Amino acid sequence: MRRVAFLLSALFLAGVAAPDAAQAQSRDRQDRDRSERQQADGEQQQRQRPRGPAPLRRQPNAGPCPFVKVLYDAARYVELEGGQASASAVGYTGEIEGVTSGCAYQGDEPITVDFNVLFSLGRGPQAEGEGRTYRYWVAVTERNRAVLSKEYFDLPVDFDGQRTAQVEQQQRVVIPRAEASTSGANFEILVGFDVTPEMAEFNRSGSRFRPQAGVAGAQ
């Protein structure tokens, strides 16, 4: 009797374990099927997604870019009524805040330099009218040597009732090279306002009035 009871107990346990194993296998199969469906859906969405343009291939330049700088003596434009260096005598003002640039050249190609110039401009107490056409120049030089070319540009500004304004100008300069070994480091590009000798001396001395000179609350 004891042996029969043991056999019956073993059969009962086997009967209980069999459904549990079957259920576990069924859950594994369902999880595997669900993972395969998700992977297939992702691949289909990837195929249906519109493709953007391929990124452009960029080759390194044949050498460094030319330096692009603001000439200190011409970095600011300050009109002073009667030559008086006081905030109450300030007319129109301007300051070149900064320059950003980049270049490209390969082989014996000329150097193409693209750059942006940010101007901050202002109307002081002696300024007349709502607008002013400033003038600035861009010069290409053989580094620390002779000026190779210089071009002037007009910068019309409408203050539209305000005392200050900011304007960004985009420029492009193309510099021919004598041979493929000529590097961009041999050249400089300088930017500055078209100033009078008195304005240049004022800037050179370190004196300055910011574009908001004469505006209430300005320092």
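Predicted model: local features only at pLDDT ≥ 70, side-chain atom pairs only at ≥ 80, totals over all residues.

User: Among contacts with a separation of 6 or more, what share comes from residues 24 or more positions apart?

Analyst: The protein chain has 219 residues, of which 28% count as buried. Among its contacts with a separation of 6 or more, the share from residues 24 or more positions apart is 72%.

User: Is Q171 buried or exposed?

Analyst: Q171 is located in strand β7, which spans residues 164-175. Its relative accessibility is 14%, and the limit for burial is under 20%. Q171 is therefore classed as buried.

User: Which side chain forms a polar contact of 2.7 Å with that of Q171?

Analyst: Leaving aside residues up to four places away in sequence, Q171 touches V113, D114, F115, Y136 and F153. One of these also takes part in a polar contact with Q171 through its side chain, at 2.7 Å. That partner is Y136.

User: Which strands each supply at least two residues of the lining of the largest pocket?

Analyst: The largest pocket has a volume of about 180 Å³. Its lining comprises 14 residues, with V140, S149, E151, V173 and V174 lying nearest the centre. The strands that each supply at least two lining residues are β5 (131-142), β6 (147-158) and β7.

User: How many residues of that lining are nonpolar?

Analyst: Sorted by class, the lining of the largest pocket includes 3 charged and 2 polar residues. The nonpolar residues in this lining number 9.

User: How many residues apart are R204 and D73, whose side chains meet in a salt bridge?

Analyst: The N to O distance between the side chains of R204 and D73 is 2.9 Å. R204 belongs to helix α2 (residues 197-204), whereas D73 lies in the loop between β1 (67-70) and β2 (76-80). The pair thus links distant parts of the chain, and the separation is 131 residues.

User: Which residues make up the network of salt bridges that includes R204?

Analyst: Side chains of opposite charge can pair when their charged atoms come close. R204 is partly exposed at a relative accessible area of 44%, and D73 is also partly exposed, at 22%. The linked residues of the network are D73, E201 and R204.

User: Which class of exposure applies to R145, which forms a salt bridge with E142?

Analyst: The closest N and O atoms of E142 and R145 are 3.6 Å apart. E142 has a relative accessibility of 32% and is partly exposed. R145 has a relative accessible area of 65%, and the cut-off is over 50%, so its class is exposed.

How values were computed. Residues numbered from 1 in each chain as written. Heavy atoms only, no water. Helix = DSSP H or I, 4+ residues; strand = E, 2+ residues; numbered from the N terminus. Buried < 20%, exposed > 50% of the residue type's maximum accessible area, 1.4 Å probe, protein only. Polar contact = N/O pair within 3.5 Å; in protein donor to acceptor, adjacent residues only side chain to side chain. Contact = heavy atoms within 4.5 Å. 1 Å grid on protein atoms, 1.4 Å probe; cavity = no way out; pocket = protein on both sides within 12 Å on 5 of 7 lines; lining within 4 Å. Points joined across faces, edges and corners; volume = space filled by probe spheres on them. Nonpolar A, V, L, I, M, F, W, Y, C, P; charged D, E, K, R; others polar. Salt bridge = Lys/Arg side-chain N within 4 Å of Asp/Glu carboxyl O.
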